[in-house]
Amino acid sequence: MSQLLTVAKPRRNTELLLLILALGVSAMANALVNLNLGRTFDNDFFTQIAILSGLSLAFHVVLRFKAKYADPVILPVVVALNGIGLAVIHRLDITSGDTAATRQWMWTSLAVVAAITVIWFLRDHRILRRYTYISLLVSVVLLILPLVPGISAGNVNGATVWISLGPFTFQPGEIAKITLAIFFAGYLSSNRDLILLAGKKIGPLQLPRMRDMAPMIVAWLASVGVLVFQRDLGSSILFFGLFMVMIYVATSRVSWIFIGLALIAVGGVAAYQIFPHVARRIDVWVNAFDPAYIGADYGSFQVVEGLFGLANGGLMGTGLGQGSPDKLPVANSDMIIAVIGEELGLVGLFAILCLYALLIARGFRAALGTRDAFGKLLAVGLSFAVALQCFIIIGGVTRLIPLTGLTTPFLSSGGSSLLANWIIVALILKISDAARRPIDVSASSSPIEQLSPIDATQKEVPSP
Amino acid sequence: MNDLSLVVTILRFGFLLLMWVMVFSVVAAMRRDLVIGRKAKVGAPTARQARKHPELVEEAPPAKIAARQLVVTEGPLTGTTLELTGVPILLGRAQEATLVLEDDYASGRHARLFPQGTRWFIEDLGSTNGTFLGGTALTRALPVELGVPVRIGKTVIELRP
């Protein structure tokens, strides 16, 4: 693994400029919605812009104090995505008469406050490593919660992933994404060499010892097993992908990719045979345009309407507020990408995808730059979780893969997802702060001391 | 009414433009960040850049004569030479060592000499009596220049061209 050195500059002013631009994007999206739907620019509009600006500027100021060297582009990108999401949900509310936007505003505030709290109180991301096994326990508990009678919100849209907390519902699986990443990072950063080297060798394959792999298998079974019982295919794929990528990054063995793909193939075929709801999803995906499937319950109506919406949008889109997303079921969560594609067109949709790509790339960059194995693995895991989630849901909406119910990070209406993703952003910012902070050279003058610990086998020395 | 629809159309395209301005501003902000280390340069500086920033121009380092052999200058094995071929060398009393030192003051796996770029580095492997490079005990891997004595127990080795 290469050790990248960056020029140490806080670059908080760059962040401020980009943040103002991002707030401009959100404000303009909101303004267009009001304009196109014949709404007046009432107090609500200005309060909402003020809330978003206040929250993100507060975050920016906290970064100035607590994580001076954090990556300057992550926060603006996230604020832009969140702002566009809020505008689109507001737009859908006007058509459907829902109040999802108000809830989303509340959750956004809560999520940003949570992220600020993480930045403020988490002195160093390496502290999280102490909670490796506690994270595993917390993940398992979070994943089992929706199955516990009493707090379970029951079967919602075919999946049992919600719990009800008083008037609110919450999806604990979203938080489990973070705790599982912490567990995998903590466990793999300490036991990577054991998994790699101790064990029987069969031909070219080095098999890890059972006892080194056992906690990983427990984590994997807990996440995939429970999700099979909860019938949430999307999250199941997400956790499995997270597991495979982190073990691949930790061991740098390409074989894990093939093992992972083989397991997905085997698991997919098995799930198709055993679970009727999985088989249903795949049949619906293959025969999406068959009228029998479009009309059926849990049929392909949603995905087909989404595709028609995307087609209606064309290259430039119909303009915010001028499409017809009222035809789409659950337009503000699962299908929000289809709404954006219709109203902003391919050009707008690609801008959104670019923002995601930039966000994820910055997460990987933080992982490359940081100097401890735990931080590297955690940043890769969290960024990859966001990437995979985008792929699963956007791929589902565009009918590249079967549609499974996941939220689009930062855009979809859904409080738990927003909260989890803002906490992920806070963690990545904290890791990037550690990565970009200038190294204290007074103790040692040679870069030899600053070896990246992820690569213990190959000593890195200054090239002449 | 017609005016309003014109404004709406302009704003519609304006918003798409603004989103892409956002994307490209982020990329532009990252561009400087992509520099890997202060020394990373793309190509040689042009004459104009050299005039403006003289610090960009670095004199070519003097051509180094690569070490070709390892010579034992003191100790029981005095006079032994070993060709350096580019593979790491393990020094110590253990039988698997590349140069087996018959020296009671050396450890089994005493030190490791390894090439990196055009230079050779010596690294102590946690020996009992330590490894000395030009008189100072090693605490980390350090480059070995030609003719600088490396002491391991009672044995002294040197790199020669």
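Which residues in α3(A) meet which in α13(A)? The views below come from a predicted model, in which local features need pLDDT of at least 70, side-chain atom pairs count only at pLDDT 80 or more, and totals for chains, interfaces and linings use all residues. Residues are numbered from 1 along each chain as its sequence is written, with chains lettered from A and ligands numbered from 1 in the order in which they are written.

**View 1. Helix α3 (residues 74-96) of chain A against α13(A).** On the α3(A) side, the contacts (C-beta atoms, placed from the backbone, within 7 Å) come from Ile74(A), Val77(A), Val78(A), Ala80(A), Leu81(A), Ile84(A), Val88(A) and Leu92(A). They meet Ile336(A), Val339(A), Ile340(A), Ile352(A), Leu355(A), Leu358(A), Leu359(A) and Arg362(A) in α13(A). The two axes (lines fitted to C-alpha atoms over the stretch in contact) come within 9 Å and cross at roughly 160°. That makes α3(A) and α13(A) roughly antiparallel (the label for angles over 145 degrees).

View 2. Buried here (20 or more other C-beta atoms within 10 Å of the residue's own) are Gln302(A), Val303(A), Gly306(A), Gly309(A), Leu310(A) and Gly313(A). Just past the helix, Gly314(A) has a positive phi of about 65°.

**View 3. Helix α15 (residues 415-436) of chain A, mostly covered.** Here 22 of 22 residues are buried.

Terms used. A residue is buried if 20 or more other C-beta atoms lie within 10 Å of its own, exposed if 12 or fewer, and partly exposed in between; C-beta atoms are placed from the backbone. Helices (H or I, at least four residues) and strands (E, at least two) are DSSP runs, numbered from the N terminus. Axes are lines fitted to C-alpha atoms, for helices over the stretch in contact, and angles run from 0 to 180 degrees between N-to-C directions. Angles under 35 degrees count as roughly parallel, over 145 as roughly antiparallel, 65 to 115 as roughly perpendicular and the rest as oblique. Two residues are in contact if their C-beta atoms, placed from the backbone, lie within 7 Å. The expected span of a helix is 1.5 Å times one less than its number of residues.
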